[in-house]
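Good morning, and thank you for making time for this presentation. I would ask you to keep the structure on the screen in view while I go through it.

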Amino acid sequence: MSTAAQAAFRLRDVTVRFADLVALDNVSLTIAPGERVGFVGPSGAGKTTLLRLLNANQQATSGKISLLGQALEQLDQKNLRQVRSAIGFIPQHYHLVPSLRVLQNVLLGRLGQQGFWASLRSVFFSREFEQTKVHALLERVGIAEKLFAKVDTLSGGQQQRVAIARALYQAPQALLADEPVASVDPSRAEATMALLSTLAEEQQLTLGVSLHDQRLARAFLPRLVGVRHGKIFKDAPAQDWTDTDFEELYHLDQSDLVES
Amino acid sequence: MNRAAHWLGPRRSALLGILLAGMIGAWLIQLDPAQLFGRAQWHQLGEFFKAALRPALAYEDPNPASDGVFLSEIGFAIYKTLLYAAAAIGLSLIGGLVFGLIGSTRAWLALASPAKPFRVLSMSSMFLVRLVMTILRSVHEIIWAILFLQALGNLPLAAVIAIAIPYSATLGKVFSELIDEAPRATAEGLRANGASVLQVYVFGLLPTVLPDLFAYLLYRFECGLRSAAVLGFFGAPTLGYYLSLSWGERHFHEVWAYLYALLAIIVVCDLWSGAVRQRLTTHHAA
């Protein structure tokens, strides 16, 4: 077991409560640097809350969190921004700025590392080396020709790759992707997972992905964490997950039916 | 009783109520349609409207006070009206951006500091700014003009500030609503990258609301042209100033020339802003 200083992400007895709903219930989890982890489980199980915790985008009601070796409760606003900036987060719906160009959206990835004026200069008057860097990243994700396109003219799959490029432009130590295959068509899903896992491997990034598709999860992510009712259901290497495990994870019991 | 209530219904009773209020109001202020008839002023009014068919192309006075050309004077008045409106709108854009930011719930929520004293401060400044905006908006620019002309004398600045005050407040209100209704996701995405509050505002919120804000700004520019022209009656060298001079001398053909000039710039501005707005919105949807 790695210690807090070595772990990329470490949660200890973390509970997240929204009003009277317990989203995560006493969860403990350690992810080592460079690990590639899939979070699986039914909708509403707490996967997204878990990912948001790992990006310091969600406050825990109780428990201890350390991200990239830094205890969260000790971070001031400035250090918090630095930690967030070192973790690339790819939201399910990409959250790009629709009226800006692809180049500018990718440049937004560095906001956490820049002062206000520097970021203003960079986004609206980008220098050649910045454009070259962004172009290289776009080439890597396969949409180099869209460098100057407005984001709202792109397809969903292309927007996703802009979001990935933006996360990479952060020069992150970890990548988190929330349901990256939930809103792309099946033929693209495999390519997206392949891209994320190759990128993580190449750049030795810690990767956290939430998803439903057990076939893709097993194929691309060596470690799977099952989440159900806000608790960790099973945390094991992908090959140790049986079909019965998945069935049980996704099985609707009486309480689910009553709730929905 | 029950059937009567059924027949009345909310719409009919509202209609009846308004009619009744109108009748009571007319009776209380002693509106008398008979006053309209048999007045000498009708003749003058007729003359005024007859002049509409032949707007002046030269000074009506054979020995005009000004030795310039009438048409170039109209051109100058149009030019000044445009300048005053542009200056006022420019100033109110700055004011509106500041008001809009402070007055928006979202902008403050974006700060999302868990510290309680800060929350109290942010909420109270938001409500204070909203109150100030409402007050500034509810006073017409003509009232502001009277105030500032008293205070500053007949300076261009007085007229421009008079327009900019209520316009800033209106822009601020519209702007804060645009920010509050803008999709939340973009800003949140930037926060997740480690962006600061100011960065979230400038890069995440401004670009999403800017097309709408700009479209509204163009509409306000049109209103600004009218306001700038009207402030001429109070001494600003815009169309209204020349119009009031000609009116005073009963040079109705000149008056109509100025009115047509005002109409023309507003129509042109409307066509232009319509075209720009169309481009903004179609671009947005593409």
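Let me begin with a term. A residue is called buried if 20 or more other C-beta atoms lie within 10 Å of its own. By that criterion, 33% of the 286 residues of chain B are buried. Please bear in mind that this is a predicted model. Its scores are ipTM 0.78 and pTM 0.72. For chain B the average pLDDT is 85, and 92% of the residues reach at least 70.

What secondary structure does chain B contain? There are eleven helices and zero strands, so that, read from the N terminus, the order of elements is α-α-α-α-α-α-α-α-α-α-α. The radius of gyration of chain B is 25 Å, whereas the globule rule gives 19 Å for 286 residues; chain B is therefore more spread out than a compact globule. Along the principal axes, its C-alpha atoms occupy a box of roughly 75 × 70 × 45 Å. Among the contacts in chain B with a separation of 6 or more, 73% join residues 24 or more positions apart.

Chain A has another composition: ten helices and ten strands. How does its radius of gyration agree with that of a compact globule? For 260 residues such a globule would have a value near 18 Å, and chain A has 19 Å, which agrees. The box that its C-alpha atoms fill is roughly 55 × 45 × 35 Å along the principal axes. In chain A, 44% of the 260 residues count as buried. Of the contacts in chain A with a separation of 6 or more, 68% are between residues 24 or more positions apart.

Chain A is divided into domain 1, which covers 1-86 + 172-260, and domain 2, which covers 93-171. The centres of these two domains of chain A, taken over C-alpha atoms, are separated by 25 Å. Their contact involves 13 residues from domain 1 and twelve residues from domain 2. On the domain 1 side, helix H2 (77-85) and helix H7 (186-203) of chain A each supply at least two residues. That side of domain 1 is made up of six nonpolar, four polar and three charged residues.

A:Ile31 lies in strand E2, residues 21-31. Is A:Ile31 buried or exposed? It counts as buried, because it has 21 C-beta neighbours inside 10 Å. Leaving aside residues up to four places away in sequence, A:Ile31 touches A:Ala7, A:Ala8, A:Phe9, A:Val37, A:Thr206 and A:Gly208. The pair A:Ile31 and A:Thr206 is 175 residues apart in sequence, yet 8.1 Å apart in space, C-alpha to C-alpha.

The other two residues concern backbone geometry. Most residues other than glycine have a negative phi. A:Leu68, however, has a positive phi near 50 degrees, and it sits in the loop between strand E4 (62-67) and strand E5 (70-71) of chain A. With 18 C-beta neighbours inside 10 Å, A:Leu68 counts as partly exposed. A:Gln204 likewise has a positive phi, near 50 degrees, and is placed in the loop between H7 and strand E8 (206-210) of chain A. A:Gln204 is exposed, because 9 other C-beta atoms lie within 10 Å.

Next, the interface between the chains. In this contact, 22 residues of chain B meet 25 residues of chain A. On the chain B side, the elements that give two or more residues are helix H8 (184-192) and helix H9 (197-231). H9 of chain B gives the most, with nine residues. By class, this side of chain B holds eleven nonpolar, nine polar and two charged residues.

I close with the nonpolar core. In soluble globular proteins, nonpolar side chains tend to be buried together. Which residues of the largest nonpolar core touch the most other members? Of its 134 residues, they are A:Val106, B:Ala162 and B:Tyr258. Helix H7 (residues 156-181) of chain B gives the most to this core, with 14 residues. The core also draws at least three residues from each of domain 1 and domain 2 of chain A. As for B:Tyr258, its contacts beyond four places in sequence are B:Ile74, B:Ala77, B:Leu239, B:Tyr242, B:Leu243 and B:Ser246.

Notes
Residues numbered from 1 in each chain as written. Chains lettered and ligands numbered in written order. Predicted model: local features only at pLDDT ≥ 70, side-chain atom pairs only at ≥ 80, totals over all residues. Core = buried A, V, L, I, M, F, W, Y, C linked by C-beta atoms within 7 Å. Buried ≥ 20, exposed ≤ 12 C-beta atoms within 10 Å, placed from the backbone. Helix = DSSP H or I, 4+ residues; strand = E, 2+ residues; numbered from the N terminus. Domains from an automatic or database assignment. Contact = placed C-beta atoms within 7 Å. Nonpolar A, V, L, I, M, F, W, Y, C, P; charged D, E, K, R; others polar. Rg over C-alpha atoms; globule rule 2.2 N^0.38 Å. pLDDT = per-residue confidence, 0-100.
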